[in-house]
Amino acid sequence: MSTPAPAVAVPGAGTAPGAGPAPAGPAPAPAWSSASASASASWDPADGVVVRGTVLLLPGRGEHPGLYGRFGRRLAFDGYRVVATAHGGEAAEADALAERVAEERAALPAGAPVVLAGSDTGALLALAAAGPAAPDGLLLVGLPTAGPRPDGAQRTGTAAEGAWTDELTARTACPVHRDLLGSDPDYRPGALEEPVPAALAEAADRSDPGLPALLVHGGADLVSPPATARRHAARLAAELLLVADGRHDALNDAPHRSVAAAVVQWLERLRGGPHLPVQLIPVAGPAPVPDAPQAPDEPVTHLSEGVPA
């Protein structure tokens, strides 16, 4: 078994919630070095804590593993190891992911699940690789839509003047994460304007691994409409969490605490078996308001959170 890559510390520095305008644009910062941009980043539970499972996370377009430090630390606090790893967004990478899943499983206690997760094109790759990789579950966040942008906007592949704020708005409403993106030299602006690789999208559409799956999607996603997640959830018989007013980068959006908590609940159910019922059931309080009409009996939970940082 190969030696896991060392953890990469990513500071959570940023402006206070709601303070100041969006960053003017990417600028060099010491948080992440270009030399390590292709490396994996890992977050482990504290010494003495039994590892309850591993989440192998694939970032999306323009991102690198170190941008998921906040999510990784939160799951690690609850006993789950998180390993974010760079990838090329190619369907042919499925075999390499199968080896990585096998390595992570061999390092875990018996019964601890390995989940293949991804955001944006990383979610497509996780889904496409699920057959050969044979993880215990799938966490698919912000599944992108192949083809033209849903808003009809032209893809330019660049972050032109005036487009930077629009890009941040599409990604996240969290001011801390917006500030991190603006100061990270290895974040690639304009990447969300690039087409989703057709071969990857087709491989994901063909994949139906029959695994427990959780889909998380922003209810106000401008990059990929919620209908994309609904279609995949229905096809995979998966659970779908729709984040109220959520943006594309759901793991790093304003309600990141609520999203991480929902992921932990799902992981806990996965540990007990795919048919373990929901353990926490809200029985009182105001009903959530859907962002759009839903099909009858559609398994959608809406998440919202008032604190953005």
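Buried residues are those under 20% relative accessible area, exposed residues those over 50%, and partly exposed residues those in between (1.4 Å probe, protein chains only). The structure shown is a predicted model, in which local features need pLDDT of at least 70 and side-chain atom pairs count only at pLDDT 80 or more, while totals for chains, interfaces and linings use all residues. Residues are numbered from 1 along each chain as its sequence is written, and side-chain values use heavy atoms, with hydrogens and water left out.

**Overview. The protein chain has 8 helices and 8 strands.** Helices (H or I, at least four residues) and strands (E, at least two) are DSSP runs, numbered from the N terminus. Of the 309 residues in the chain, 50% count as buried.

**Close-up A. Arginine 61 is a buried residue in a loop.** Arginine 61 sits in the loop that runs between β2 (53–58) and α1 (69–77), and because its relative accessible area is 8%, arginine 61 counts as buried. A polar atom of its side chain lies 2.7 Å from the backbone oxygen of glutamate 194. When neighbours within four places in sequence are left aside, arginine 61 is in contact with Asp120, Thr121, Pro144, Arg171, Ala191, Leu192, Glu194, Pro195, Val196 and Val223.

**Close-up B. Proline 189 is partly exposed and belongs to the loop between α5 (175–183) and α6 (198–206).** Its relative accessibility is 25%, and therefore proline 189 is classed as partly exposed. Although proline 189 and glycine 62 are 127 residues apart along the chain, their C-alpha atoms are separated by 6.4 Å.

**Close-up C. Helices α2 (residues 94–106) and α3 (residues 121–133) pack with their axes 8 Å apart.** The angle of this packing is about 65°, which makes α2 roughly perpendicular to α3. Axes are lines fitted to C-alpha atoms, for helices over the stretch in contact, and angles run from 0 to 180 degrees between N-to-C directions; under 35 degrees counts as roughly parallel, over 145 as roughly antiparallel, 65 to 115 as roughly perpendicular and the rest as oblique. From α2, residues Ala94, Asp95, Leu97, Ala98 and Val101 meet Leu125, Ala129, Pro132 and Ala133 of α3. The residues of this contact of α2 with α3 comprise 8 nonpolar, no polar and 1 charged, where Ala, Val, Leu, Ile, Met, Phe, Trp, Tyr, Cys and Pro count as nonpolar, Asp, Glu, Lys and Arg as charged, and the others, Gly among them, as polar.

**Close-up D. Helix α4 (residues 163–171) and α5 pack with their axes 10 Å apart.** Here the angle is about 135°, which makes α4 oblique to α5. The contact is formed by Trp164, Thr165, Leu168, Thr169 and Arg171 on the α4 side, together with Arg178, Leu181 and Gly182 from α5. The residues of the contact of α4 with α5 divide into 3 nonpolar, 3 polar and 2 charged.

**Close-up E. Alanine 134 has a positive phi although it is not a glycine.** The phi value is about 50°, and alanine 134 is placed in the loop between α3 and β5 (137–141). Because its relative accessibility is 40%, alanine 134 counts as partly exposed.

**Close-up F. Aspartate 245, not a glycine, has a positive phi of about 60°.** Aspartate 245 is found in the loop that runs between β7 (239–243) and α8 (256–272). Its relative accessible area is 55%, so aspartate 245 is exposed.

Technical notes. Polar contact = N/O pair within 3.5 Å; in protein donor to acceptor, adjacent residues only side chain to side chain. Contact = heavy atoms within 4.5 Å.
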